[in-house]
Amino acid sequence: MFARMREDIQSVFKRDPAARNSFEVLTTYPGLHAIWWHRLSHRLWRWRWYWLARMISHLSRWFTGIEIHPGARIGRRFFIDHGMGVVIGETAEIGDDVTIYHGVTLGGTSWARGKRHPTLKNGVVIGAGAKVLGPIEVGQNARIGSNAVVVKNVPADTTVMGIPARVASSPEDKEVVKRREEIAKEYGFDAYAISADNPDPVATAIGRMLDHVHVLDQKVADLCQAVNQLGGNVCDEIPEVEMDDVDFIHAEKEAAKRRRQPDQK
């Protein structure tokens, strides 16, 4: 028991820069207190001492402002930062090294018995005020933005945000951004901030146009290859894009260079 408590305290230092010493963490972090109360109530729940388990959970809620149902299953090094207003339902399952902030709800969407609360895999982080509802699964190392409402499964290594929550960043985004930057550079266009998850509608539209241009380039290349195989001789070189306003091109490149300078410092 004491080894687990020491492990919990050390996990706080790794995830909260405001933590200064072990005594402070031990005495002033309600998130830790709630977890320790829950371990006792969860054991009683497994022994079928349901009323006593619920009573301990109720007292813990009274003192910490955090409500964890005794039936919830929680892994190692679980950290609740600030903690006020957190609600974790009966059939919720939480993996190791999970972090959640104040106002988070792991709730259900049905009155039917059985699995009705979320499952969080290892390394998940949930921002303040987020609501994760229903028997869904949040994949390993996923991130949920503050005040998001999540009602569908979240893939691993993915960031979601909004109401309802939508994917804002995923491992595939890096490949999309890299491809778009290469296409934009080829046509002399500044690809600064043209990303797959950019909330700017203009930037998003331009990014999709670049994707469309990429598809057209591939189609033209395939067509040229087919004609050449039939004995023709076309598309030896793709002509460069020419623009009449040279001053505009120069100004656009200079602006792009100035925007990138803060990132390079």
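Of the 265 residues in the protein chain, 38% count as buried in this predicted model. The chain is built from seven helices and 15 strands. Its exposed surface comes to about 16,900 Å², and carbon and sulfur atoms supply 56% of that area. As for how the chain folds back on itself, take the contacts between residues at least 6 apart in sequence: 33% of them join residues at least 24 apart.

Now for the inside. The largest nonpolar core has 37 residues, and the ones with the most contacts inside it are Ile88, Ile100, Ile126 and Ile144. Helix H1 (2–15), helix H3 (30–46) and strand E3 (79–81) are the elements that give two or more residues to this core.

Ile88 makes a handy close-up of the core. Leaving aside residues up to four places away in sequence, Ile88 touches Glu67, Ile68, His69, Ala72, Phe78, Ile94, Ile100 and Leu106. One of these partners, Ile100, is also among the core residues with the most contacts.

Trp47, Trp49, Trp51, Leu52 and Met55 make a nonpolar surface patch of about 600 Å². Leu52, a member of this patch, sits in helix H4, which covers residues 50–64. Is Leu52 buried, exposed or partly exposed? Its relative accessible area is 34%, so Leu52 counts as partly exposed, because that label covers values between the 20% limit for buried and the 50% limit for exposed.

Conventions:
Residues are numbered from 1 along each chain as its sequence is written. This is a predicted model: local features need pLDDT of at least 70, side-chain atom pairs count only at pLDDT 80 or more; totals for chains, interfaces and linings use all residues. Side-chain values use heavy atoms; hydrogens and water are left out. Patches are made of residues with over 30% relative accessible area and no salt bridge: like charges are joined within 9 Å, nonpolar side chains (Val, Leu, Ile, Met, Phe, Trp, Tyr) within 5 Å. Accessible areas come from the Shrake-Rupley method with a 1.4 Å probe; for residues, only the protein chains shown count as cover. A salt bridge is a side-chain nitrogen of Lys or Arg within 4 Å of a carboxyl oxygen of Asp or Glu. Helices (H or I, at least four residues) and strands (E, at least two) are DSSP runs, numbered from the N terminus. Buried means under 20% relative accessible area, exposed over 50%, partly exposed in between (1.4 Å probe, protein chains only). A nonpolar core is a set of buried Ala, Val, Leu, Ile, Met, Phe, Trp, Tyr and Cys residues joined through side-chain atoms within 4.5 Å. Contact means heavy atoms within 4.5 Å.
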